[in-house]
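Please read the following report alongside the sequence and the three-dimensional model.

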Amino acid sequence: MADKLTLEIVSPYGPVLKEEVDEVVATGSEGEFGVLPGHVPFVTTLKIGMLVCKKGGTVSYVFVNSGYAEVSDDRVLILADSAERAEDIDVERARNAMRRAEERLRKQEQIDFARAQAALDRAMIRVQLAEKRGQ
Amino acid sequence: MATLRDIKRRINSIKSTSKITRAMKMVSAAKLRRAQDRMFALRPYSDKMREVLLSLAQPGEQDMHPLLKVRPRKTVEILVLTSDKGLCGAFNTNVLKAAELMITDLKNEGFEISISTIGRKARDYFKRRNVPLREAWTGLSGNISYSAVQEIASDLMNKYIDETFDELYLIYNEFRSVAVQNVTRLRLLPIGGMEHEEESEMKDFLFEPAEEEIFSRLLPKSVEIQLYRTMLESRVSEEAARMTAMENATKSAEDMIDKLTLEYNKARQATITKELMDIVGGAEAIKD
């Protein structure tokens, strides 16, 4: 058994990441889950959230905007609707999006509540990740 | 014989045509590159998606979701993908010919046919022949937006589930290279009954949430992605075909200009010679 995981993230806008890592933690729709080498074959849906991968002593973060994860044979395959590494996040844009979404939710007019909430979630997690990067 | 002025006029008119075709070629090249980037970005995603589906959609699980279910086929839907605009060589003709062939074949085998089209050219083609269309989408050939694809995909899936048709094929131009585009036929629905290439050992996957729920989200998504990919391929092929067509047009315009210039020079030379002979003749006459 290999002692490494292959993490692969692809989105319709292109491959995001392909790396050998030690551990992956992602946000599934039923809750967070962690994957170590030797995990059983596993399929789940992902919700908007962050993905943490650990490699040696370093930890890196990826923003994942819902999708699917398949774990088999020490490979973690993430099919994301969109995804970006923490270092690629445009903080300014995310902050603006967050403000807009909050505005819309507060006004509570004719809005698609689920959509506004999703936009807010996306923006919040992006900002959180961007702050982590700064540390 | 054409006079000097006639020839000059023709040369000028062909010159301006070649200017237009050259400009169109440039525009197509730029559009081709943009569309190609999007297509190449999508390919890994759609390949992986297919991989996941293949490892999940195991035989005997057709009852899991209506899109997986293979029904005995009575009505076959054919979705023909063409462009909205012309001037792209045999791009549309090839697809339409292949579609026509497939329709006749299926009819001879006794199946009901229903036809839908994407792109103005296909719609017009079938309209001219008084072939009824189930649905015709147009105006998508600019920048294909994902939401437009979703709309089409959801219509197709609904019509499959309510048994308007039992099988769905796409006919489109697959992009091989700038010089080569192949007319391809792809079965989009049902998803089930896919041939497993090799007898890969079936893994027992853990599902979270339940398998049914994952399928009900993953399957429509995969149909959308496949349709999106097909439309992008068709789009890239269209621009490639147009680029080649315009390149050829420019080249033959240049050939024609060369030929006409030669003719023009000959005619001019002939006039000069004639004038010289007149002058010499006149001088001879005065001498005596």
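This is a predicted model: local features need pLDDT of at least 70, side-chain atom pairs count only at pLDDT 80 or more; totals for chains, interfaces and linings use all residues.

## A helix position in chain A

A:E103 lies in helix α1 (residues 91-107) of chain A, where helices (H or I, at least four residues) and strands (E, at least two) are DSSP runs numbered from the N terminus.

Residues are numbered from 1 along each chain as its sequence is written, and chains are lettered from A and ligands numbered from 1 in the order in which they are written.

## Two domains of chain A

Chain A is divided into domain 1 (5-86) and domain 2 (90-134), with bounds that come from an automatic or database domain assignment. Their C-alpha centres lie 23 Å apart.

Seven residues of domain 1 of chain A are in contact with nine residues of domain 2 of chain A, contact being defined by C-beta atoms, placed from the backbone, that lie within 7 Å. On the domain 1 side, β6 (49-55) and β7 (58-64) of chain A are the elements that give two or more residues.

## Where chains A and B meet

The contact between the chains takes 20 residues from chain A and 18 residues from chain B. On the chain B side, the elements that give two or more residues are α1 (4-56), β6 (206-208) and α5 (211-287) of chain B, and α1(B) gives the most, with eight residues.

Strand β5 (residues 42-46) of chain A and β6(B) pair in the parallel sense over three bridges, pairing requiring that DSSP finds at least two bridges between two strands. The bridge partner of A:F42 in β6(B) is B:L206.

## The nonpolar core

The largest nonpolar core has 91 residues, of which A:V24, A:V64, A:V76 and B:L81 touch the most other members; such a core is a set of buried Ala, Val, Leu, Ile, Met, Phe, Trp, Tyr and Cys residues joined through C-beta atoms within 7 Å. α5(B) gives the most to this core, with 16 residues.

Leaving aside neighbours within four places in sequence, A:V24 is in contact with A:L5, A:L7, A:V35, A:L51, A:C53 and A:V76.

Conventions. Two residues are in contact if their C-beta atoms, placed from the backbone, lie within 7 Å. A residue is buried if 20 or more other C-beta atoms lie within 10 Å of its own, exposed if 12 or fewer, and partly exposed in between; C-beta atoms are placed from the backbone.
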